Structure formats: C-alpha cells, structure tokens
Amino acid sequence: MLALFPILRLWRSRIYWRVYLSYFGYAGRILFVDLSTQQIRTAPLPEFFIHDFLGGYGINNRLFWEYQPPNTDPFSPQNHLILGTGPLVGTLFPGAGKVIATTKSPILATPAKLHFIDNSVAGSRRFGPMLKQAGYDHLVITGKAESPVYLHIQDEEIQICPAKDLWGDKDIYETTDYFIQRNPLAGVVSIGKGGEKLVRYALALVDYSGHLGKFGIGAVMGSKNLKAIVTYGTQGISVADPSRYLKLTRDFREIIANVPMLKNFQDMGITSGWDLQGPLVYEGSMPYRTWKKKLGPKTWKTHKFQHNLACNGCMLACRTDYYIPEGRFKGVTSFTGHHFLPARIALRLDLEDPASAIKLLDECNRAGICYFTVGGLLNWLTRTLPEIYSRDLPSYLSLTRQIISRDGIGDTLADGWYALSEKLELAPDEFSVGTGLFKGADSIQDARTTTLDPQRFTYLTNPRPHHGGTQSIYTLPKMTVKALQDDASHWGLSSEEFSRIFTPTPYYGQFNVGRYAKHAEDCMVVHNCLGTCIVYTLFGTNIIHMERLAELYSAATGISIAPATLKRIGDRIFTLYKLLNKREGWNSRDRISRIWLTPRETPDGSKLLMDYHQEHPLTEHDIEQLLDDYYNERGYDRNGIPLKSKLQDLGLLDLLK
Ligand code: SF4
C-alpha cells in the first residue's frame, strides 16, 4: 500500500494532467457528481473535445449530447446540469470569468409544452477561476439528493454537505454571505426560494451578481435539492507562452484604457448608453422625455451605491449595486448588470418612483427569480384583471411573494407565460402592451422591437431566445455600413461570405441581416467557449474579435489556430446545439412573433418594425425571406434542420449514428 502512495500523488498532481493533456489554459479534467448515489468521479478532458469544441459552451454541449437521455423531464433526477469554464477563464485577460450552465430548461416553451436546451452564460468574479484552480474545466451534475445539500469543491476534496440550515431559510445573498464568511476567496453559485419551489424562471446567482439562467437553472438546482455550489482551488492556471500572453493582455488593456467612454462606463455601467439604447427599448405608457426625466440616468446616479462589482480582472465593472437612500425601503440594496431593467419595469408597471422598482428587484434577486419575467407576467395579469389585481406596489409585492411560495394565483404565475395563458384564456402574443414571446420566454430586449437588428433577429433563430444569442457593435443602433464592415473584417470571413452579408437586400436594407446574424452567432459561440466578455465588443470595431481571440487562444493553450478556424468551430458548436434541440422535438421552422408585426403604440406615436438603419418598414414576407437566407447561409433546410452535407462538412454526422 505504501508503495502505491507516490503513484497516487502523481495521479493527483497537475503534472500528471499536463503529461496527459499537454495543453495549457485547461485544467484538464471533468468532475462528475451524482447526487442520488453520492458517487463522485473525475475524467480527463478528451483531447478531441478541445480541438473540435474548444471549451465552455462547446464542450458543455458535447458532454450534454453524450450523457443526457433525450426527452428527459427537466425536473427529473436524470436531467443533467453541466457547468463549464473556458481556456481563458481565470487568466489575466480582463473579464475572462464566464461560467456556462447547460441543462434542459423547465420553461414551457410552446402551448404543447416542449422544452429547449438552455445554455446560460454569466460572468463570475471567482466561481469560474476557482473551479479551474481546483482542477476542473467542467462539472457534470446529475441525480437528486435525498435532502437539501450543497456541493463543496476544494482541489481534490469534493464533498456533498447538508444544507438544511440554508434551505427555506436563507435567501441568495444570505447564502452567499454564509460561504464567503467562511472563505472570502471562494466562488459561490446559489439559489433562493424561487429555485427551491421550482419557479420555472428561477435563476442561480454567481458570486452575488452574475445571473445564471433566467430560463430555470435555479429551478433545476432546486429539483436536485442542491442549494449551492462552492469552489476554491489552489493549483493556479498556467498558459503556454506567458510573455506573449502578457503582452497581448497589456496591449488590450491599453486600448480599453484609451477608450473615451471608459470613465463614464465605469461610473454608470450600461446606463451610460441610455441615449443609444433608450429609444429602442422604450415601451410607452408615458412620453419618452418624461420617462427619461423620471427614470433616466440621473435618477440611477442618485440610487447607485458607491462601488460597482467586476468579473475576473474586468476593467469595466458593469455590475451596479442600486440602493434606496431614504423612505420606507431605506437601505435596500440589490445588484443588476443593467440599469434599464428597473427603469423599464417601472415604466411597464406604472411605478413612477425608482425606489419601488428597486424594492421589487430586490425581492426577485433574493428569491432568485427573473425580475423581467415577473414584471411582464404581473403587467399582463393586472392589466387583464384590474378589478381583482390592482396596479400598485403593494399588489405587485404580494403577487411576487405568492409566486415565490407558489400560493394561490402565484402557483400559475410560477409556471410562466403559457400557464397563465391557459388560465386567462388569452394568447400572450395578443397582449399588445406585453413583450411578446419567443419559445415561451419574454425577451429582455423588448420583443416588440422597432428595429430588426442582427441581435434581435437571433431571437428568432437561436434555440435559446435571449439577447445573449449575439452581442457586438451592431447592438448599438444605426452604425454605418462602413463600421459594420470594419467590424466584420476581423471575423475570419471568406470574401464570398463577406460579400453575401453586405449585398443590399431589397426586402431589408443596406445589408442582409439574416446572413449577418448567422456569422454573428458563430462569433458569439466562440466568446462563450473561451470565456471572454462581449461587453468589450461595444467599444469599437477593432477591440475584441476572432483575430484577437485566435492570438490569445494560441498563446494561452499552445494550439496555433487561425481566426477562420476558430469561427468554423463556432459554426460546428452552434449546429450541435441545434441538433440537441432537434432531438427534443424542435423540428419546425422558426416562428415569427406576431408582436413584431404589431405597431408599438406609444404616447409619442405609433412605431413600425424597421430595418437596422430605419429606412424600410418590414413585412412578414420580408422576414420569411430573411429567415430563408439565414438557413441557406447555415446550410440548413427551410425548416431550420441541418442538411446532411452540412453535418458531414462539420464532422458531426457520426454523432447521429
Ligand atoms: S463588462 Fe460586466 S459582465 Fe463583462 S466582464 Fe466586466 S463586469 Fe463582467
């Protein structure tokens, strides 16, 4: 036995994994935890996973394909929850801290109750880096604990610990406090009462401020009796070429340090972009100028706590802590990455007082349920049945608490839009002051969009209907075609692809949004694989793109890669994600929301859906043609199903055997 000891030590050491894997940037292992049997095991990260699926989002999806039985109920113990990091996570590169969670979402995504596979993305301050420092790139959780537990991961010590003192008692912030008081350097993912009660849009919070999964990651954790996951590691993260990596990081930091809007952004986070984004998400009910005066940037400045939070090494620190300085709710503080959320919920629910919007935000955050979905559902219910449910803060708070505990009407609301639709006998898409639905989910950017930009187009095409489908310079309105071309010139596109995107389109405008969206989706996948933050892409056309990511990836891992290859891997992963959803029954052409085609009525007038440059109103026929172009660009048929030739080209055909 004694003689075996040095061998075991070698097995456990990083040297072993380096020898086995021979790539840097990765921790080199996958951790598997079965909460039913309490079995814990590790496996080496297969080398072909790295070459074909990069990391983070890509390897999560590959693992999900491998292990998840098709047609599993989201709340059954067999539903897998996979958390992944990427090869740049935890390195010095600013903001590289992403955590990706993949599971079957409990959202009722169609009236027939289909569910999509969810890939949620959140920035993390410590969780992602600490998981890697403990020695794991991915964590695969299955089963269901007999009673509430939390999972503690510290290097080789993996423990499933009782959480009965936390469950039902501590909210998300208190749960995170509990672990941080014991180890201030730990990373924490935790759920609140919403997750415990299986509210279908319950999320998990990462390190206090990262929202993981408005599509039910928190509820899936709740269904497994899993209150929290705590990570702490001591093993470090090494890169292949430290001096080159450091230079690339320094160069990038210098570029960001010289961006004129940096100071403003660091001060006010995404609120600093109000004048660009405000008109796009303005929903009406009060004139735009009044909304801006009452709930615009100046208001949030007086409700902003002194410090912002940042993800791992981030220079932007967009996580703003809002607080209530006086009055009935004095002292309440709550995080959100996005100022527009309280401003828009206030507008939607006729709350003119920012303190009311922050109070509602805090109730949702502590319970771990999506504030935006709650706001949308309460808006629908109270506008439809005002004689029963009044439109004021006490009523909203009472209904929110009913959702959290699944009492009375709260039980229906906790099941989301289609459950409420059945109860009200109304179609959500006909709710003219609502947000419209994509796959059973309200979109965080107003689905009654007045501008069909590439980001909004992906609400239609991405299996996960969310603004996280794509994000880059085109998220900003009305960039010139020249600026869009400058940006796209760094994506690793062929000249044919470039020219197809930027050919003026009679049924759209100065470029083709369908073809553009396909490539934007692939780039977004690459960011989500490597773990880099896309907020930086908003700062200019030559900030962070496939060319820079290819350089960083090569310096970090020692694997030399071209930008076009990186993007092609993004294409492969997106198509695998599409196949995962096809396996769950998503076999039809993507459906255009009727809300898109309903003019948005505001006190400032009626607004139609237009192209990105606001030159052409769009019809349903126009959008159908753009959807055909998108499928054609992807190599899919007219129902959005990947063609055999496409699967062969991407090396995915074998998966179907
Ligand atoms: S910009 Fe915001 S989301 Fe992105 S890394 Fe920085 S703090 Fe995190």
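Which helix or strand supplies the largest share of the lining of the second largest pocket? That is H25, with three residues. The model is predicted: local features need pLDDT of at least 70, side-chain atom pairs count only at pLDDT 80 or more, and totals for chains, interfaces and linings use all residues. Residues are numbered from 1 along each chain as its sequence is written, and side-chain values use heavy atoms, without hydrogens and water.

**Second largest pocket**
- Its volume is about 490 Å³.
- Of its 31 lining residues, Thr110, Lys439, Trp586, Arg589 and Arg591 are the closest to the centre.
- A pocket here is an open set of points on a 1 Å grid where a 1.4 Å probe fits, with protein on both sides within 12 Å along at least five of seven lines; lining residues have an atom within 4 Å of a point.
- Strand E16 (437-438), helix H20 (454-461) and helix H25 (563-583) each give at least two lining residues.
- Domain 1 (23-232) and domain 3 (470-592 + 615-656) each contribute at least three.
- By class, the lining has 15 nonpolar, eight polar and eight charged residues.

**Strand E3**
- Leu81 and Leu83 on one side of E3 (residues 81-84), and Ile82 and Gly84 on the other, are all buried (under 20% relative accessible area, 1.4 Å probe, protein chains only).
- E3 pairs (at least two DSSP bridges) antiparallel with E6 (residues 138-142) over four bridges.
- Ile82 faces Val140 in E6.
- E3 also pairs antiparallel with E4 (residues 99-104), over three bridges.
- There, Leu83 has Ala101 as its bridge partner.

Technical notes. Buried < 20%, exposed > 50% of the residue type's maximum accessible area, 1.4 Å probe, protein only. Points joined across faces, edges and corners; volume = space filled by probe spheres on them. Nonpolar A, V, L, I, M, F, W, Y, C, P; charged D, E, K, R; others polar. Domains from an automatic or database assignment.
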